[in-house]
Amino acid sequence: MTHAAVSASAHPGIAAPRAGACPVNSFTEWDPLEEVVVGRLDNAVFPTWQPSMADTMPESSWGDLRTHGGAPFPAEHLRAAREELENLCAVLEAEGVRVRRPDPAPHDNSFATPRWSSKGGLYAGMPRDCLMVVGDTIVEAPMSWRCRYFETDAFRELIKGWFRQGARWMAAPKPQLTEDLFSDEAAEDGDGWAVGEFEPVFDAADVMRFGRDLVVQRSHVTNEFGIEWLRRSLGDGFRVSRIDVDDPHAMHIDATLAPLAPGKLLVNPERYVPHELFDGWDILPAPKPALPSDWPMYFCSPWVSMNVLSLDPETVVVESHEEPLIEALTAWGFRCVPVDFRNVYSFGGSFHCVTLDVARTGGCGSYLSGAETIHG
């Protein structure tokens, strides 16, 4: 297997951006980072409960989520998380990365469609969930949490600006999110997943980019219909391959595997299922998280510890308290940039989740084995 880059223009579908014409250019999770969006937690509110959340959320948080939908998160905890986000922006800028931010939005406003209502939104804190950059194209994801229906609005001015400068803009069909998607019968049709196959849905964070190969997991927020929509919409220039993971609460692949450089894959030892796509790759099982067991976590498990951000093939941003992970990555040849981020953990993500890499130096490449024959 070779890690040599190939030109995207050799394949139909989305092409590499035209030199000097487009600020959006990102094909992998590891090429040198030039420009990034960092999310905001301003005006964040508890999500309005829907039964499908029970499949992914820690049971300890169900009470808060069921009773406080549309209400602000605890002010002191939110303030601490916002300070950590501001510090991350400063660290990235010191590393030479241009940082962009979404607009503040009134997430506490209630809204409704003809078939359902929500007491409020959530936040604009995790752009990786709702948006994805593939080459010079920004893709809007059709997320299945009703409270996140308008989440991309906070990013619209950024997206419109990039479009005016030459980027492509592709939004998935806006989902109806009726009970037909979430019913018990739909779940049975989906082999026990919280979402069935009524319409295409996916969170962008269920996808990892390896040049012309995109790897995606079926999850409680991403269905086969959504995966197939993405595959056809990106065209023949890209290969979208579904992989299995050992995670009964699957939601977002970036706490299961993280490609840090060509041929180097950090994996969750409890969830990763070996796959022939990664034949020839050096695979490092992540150490267990160092997060205290009593740390408040509204949305996710402590394995968000491996939700790191690559600045280039030799440099990784890591939570400063995750000393076992820092030691393992350093021994693996990486320079680690430690940043305090545990308060952000509580709101459902870490460095990969809270960022959207808009531009990375480099073009499209082929890095995985046999993806052309694996569309599982």
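The model is a predicted one, where local features need pLDDT of at least 70, side-chain atom pairs count only at pLDDT 80 or more, and totals for chains, interfaces and linings use all residues. Numbering starts from 1 along each chain as its sequence is written, and side-chain values use heavy atoms, with hydrogens and water left out.

**The cores**

Let's start inside. In soluble globular proteins, nonpolar side chains tend to be buried together. A nonpolar core here is a set of buried Ala, Val, Leu, Ile, Met, Phe, Trp, Tyr and Cys residues joined through side-chain atoms within 4.5 Å. "Buried" means under 20% relative accessible area, "exposed" over 50%, and "partly exposed" in between, using a 1.4 Å probe and protein chains only.

The largest nonpolar core has 40 residues, and Leu-92, Trp-145, Phe-299 and Val-317 have the most contacts inside it. At least two residues each come from β1 (33–38), α1 (62–67), α2 (75–94), β14 (309–312) and β16 (335–339). These labels are DSSP runs numbered from the N terminus: helices are H or I with at least four residues, strands are E with at least two. Which helix gives the most to this core? That's α2, with 7 residues.

Take a look at Leu-92. Setting aside neighbours within four places in sequence, Leu-92 is in contact (heavy atoms within 4.5 Å) with Val-36, Val-38, Val-97, Val-99, Leu-309, Leu-311 and Val-317.

Strands of a sheet pair through backbone hydrogen bonds, either parallel or antiparallel. In this model, 3 strands form an open sheet in the order β5-β6-β7, with mixed pairing. Two strands count as paired if DSSP finds at least two bridges between them. β5 and β7 stand at the edges with a single partner strand each, so one side of each has no neighbour in the sheet. On average, neighbouring strands of this sheet are turned by 20° against each other, direction ignored. β5 and β6 pair in the antiparallel sense over 4 bridges, and Leu-131 stands opposite Glu-140 in β6.

Two helices pack on the sheet. Helix α4 (residues 156–164) touches β5, β6 and β7, and its direction makes about 135° with that of β7. Helix α7 touches β5, β6 and β7 too, with its direction at about 150° to that of β7. For these angles, axes are lines fitted to C-alpha atoms (for helices, over the stretch in contact), and values run from 0 to 180 degrees between N-to-C directions.

Helix α7 spans residues 224–234, and its buried residues are Gly-226, Ile-227, Trp-229, Leu-230, Arg-231 and Leu-234. Besides the sheet strands, those buried residues pack against β8 (207–210), β9 (213–217) and β10 (239–243).

**Aromatic rings**

A search of the whole structure finds 26 aromatic pairs. Rings of Phe, Tyr and Trp (its six-membered ring) pair if their centres lie within 6.5 Å; planes under 30 degrees apart count as stacked, over 60 as edge-to-face and the rest as tilted. Here are two of the pairs:

| Pair | Centre to centre | Angle between planes | Type |
|---|---|---|---|
| Trp-30 and Tyr-367 | 5.0 Å | 90° | edge-to-face |
| Tyr-272 and Phe-278 | 6.3 Å | 55° | tilted |

Trp-30, in the segment before β1, and Tyr-367, in the segment after β17, are 337 residues apart, and their pair links distant parts of the chain. Trp-30 is buried at 0% relative accessibility, and Tyr-367 is buried at 5%. Tyr-272 and Phe-278 are buried as well. There's also an aromatic cluster made of Phe-46, Phe-73, Tyr-123, Trp-145, Tyr-298, Phe-299 and Phe-347.

Asn-223 sits in the loop between β9 and α7 and is buried, with a relative accessible area of 0%. A polar atom of the Asn-223 side chain lies 2.8 Å from the backbone oxygen of Gly-196.

Methods. Polar contact = N/O pair within 3.5 Å; in protein donor to acceptor, adjacent residues only side chain to side chain.
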